[in-house]
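Hi everyone, thanks for coming. I'd like to walk you through one structure today, so please have a look at it on the screen before I start talking.

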Amino acid sequence: MKNSKKLTKKIIAGKYKGKTLQLPSKMTTRSSKAIVLESFFNTLQFDIVDATFVELFSGSGSIGLEALSRGAKQIYFMERDREALKTLKANIAQTDPSACEVFGGDTFVNIDTVVAKLKSSATKAYFYIDPPFSIREGMEDIYEKMISLIASLPREVVELIIIEHMSSLKLDDKIGEFALKKSKKFGNTSLSYYC
């Protein structure tokens, strides 16, 4: 029997530094590149302490769990893929499950529940949005749907919106009430910040 090696990555910094996270299969999700992750957390390192963080299209949860490790107090994860959900829950179990809440199923549906939770606790959150690339089968309209989702977010629950996307995708300077603050390119992947 052939031994299939599990894909993993480590938490880079903070109280869970060095913890190994499992990654779901490349077929269903793609993991954020280390260089992207590092740049993101260097940009926001002090801002996320005690913050609420929402990771849409979570996959393994590596961004949200890195935020938790670096001092964020509450993380909401959203993931639809079954295999990725199993991996996500196993990764959360290694950190602080009481600070994490997982919403399985369609992110475009579950966002309403998360927004309602944030509103009821008068909390602003960091939204990290890393949708599947639109070149994947069945995902051709993912970016249009993502832009509608962002435009629908109520201002009072948003601290900052971070979008990880294909560099070839040109995003508008404004999405709904949110303006592009900066964009940074890492080869095929870019990070765009809206507030």
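Let me begin with a term: buried means under 20% relative accessible area, exposed means over 50%, and partly exposed is in between. One more thing before we go on: this is a predicted model.

With that cut-off in hand, let's look at Ala-122. Is Ala-122 buried or exposed? Its relative accessible area is 71%, and because exposed means over 50%, Ala-122 counts as exposed. You'll find Ala-122 in the loop between α4 and β6. Its backbone deserves a look too: Ala-122 has a positive phi of about 50°, although it is not a glycine. For background, most residues other than glycine have a negative phi.

Now compare Phe-57. Phe-57 is also not a glycine, and it has a positive phi of about 55°. Phe-57 sits in the loop between β3, residues 52–56, and α2. Here the relative accessible area is 15%, so Phe-57 is buried.

How many of the residues of α2 are buried? Eight of the eight, so α2 is largely enclosed by the rest of the structure. To name them, the buried residues are Ser-62, Ile-63, Gly-64, Leu-65, Glu-66, Ala-67, Leu-68 and Ser-69. Do note that Glu-66 is on that list. Just after α2 comes Gly-71, with a positive phi of about 110°.

Which helix does α2 pack against? One answer is α1: the axes of α1 and α2 come within 11 Å and cross at roughly 40°. That crossing is right-handed. On the α1 side the contact is made by Leu-37, Phe-40 and Phe-41, and on the α2 side by Ser-62, Ile-63, Glu-66 and Ala-67. Sorted by class, this contact has five nonpolar residues, one polar and one charged.

Keep Phe-40 in mind, please, as we turn to the core. The largest nonpolar core has 30 residues, and Phe-40 and Ile-162 are those with the most contacts inside it. Which elements supply at least two residues each? They are α1 (34–44), α2 (62–69), β4 (74–79), α3 (82–93), β6 (125–129), β7 (158–166) and β10 (189–194). The largest share, five residues, comes from α1.

Let's zoom in on Ile-162. Setting aside its neighbours within four places in sequence, Ile-162 is in contact with Phe-40 and Leu-44, with Tyr-126, Phe-127, Tyr-128 and Ile-129, and with Leu-191, Ser-192 and Tyr-193. There is also a second, separate core of 28 residues, and Val-54, Phe-127, Met-166 and Tyr-194 are among its members.

Next, another helix pair. Helix α4, residues 107–120, and helix α5, residues 142–152, pack at an angle of about 15°, with axes 11 Å apart. The two helices are therefore roughly parallel to each other. Their crossing is right-handed. Thr-107, Phe-108 and Ile-111 from α4 meet Ile-142, Lys-145, Met-146 and Leu-149 from α5. Within this contact, five residues are nonpolar, one is polar and one is charged.

Ser-167 is in the loop between β7 and β8, the latter being residues 174–175. Its relative accessible area is 22%, which makes Ser-167 partly exposed. Not counting residues up to four places away in sequence, Ser-167 touches Lys-185, Gly-187, Asn-188, Thr-189 and Ser-190. Between Ser-167 and Leu-23 there are 144 residues of separation in sequence and 23 Å in space, C-alpha to C-alpha.

Lys-19 belongs to the loop between β1 (8–10) and β2 (20–22). At 31% relative accessibility, Lys-19 is partly exposed. What does Lys-19 contact, leaving aside its neighbours within four places in sequence? Those partners are Lys-9, Lys-10, Ile-11 and Gln-94. For a sense of distance, the C-alpha atoms of Lys-19 and Val-49 are separated by 19 Å, with the two residues 30 apart along the chain.

Finally, Ala-90 is in helix α3. Its relative accessibility is 42%, so Ala-90 counts as partly exposed. Ala-90 and Thr-20 are 70 residues apart along the chain, and their C-alpha atoms are separated by 11 Å.

Key
Residues numbered from 1 in each chain as written. Predicted model: local features only at pLDDT ≥ 70, side-chain atom pairs only at ≥ 80, totals over all residues. Heavy atoms only, no water. Core = buried A, V, L, I, M, F, W, Y, C linked by side-chain atoms within 4.5 Å. Buried < 20%, exposed > 50% of the residue type's maximum accessible area, 1.4 Å probe, protein only. Helix = DSSP H or I, 4+ residues; strand = E, 2+ residues; numbered from the N terminus. Contact = heavy atoms within 4.5 Å. Axes fitted to C-alpha atoms, helices over the stretch in contact; angles between N-to-C directions. Parallel < 35°, antiparallel > 145°, perpendicular 65-115°, else oblique. Left-handed = near helix turned anticlockwise from the far one by under 90°. Nonpolar A, V, L, I, M, F, W, Y, C, P; charged D, E, K, R; others polar.
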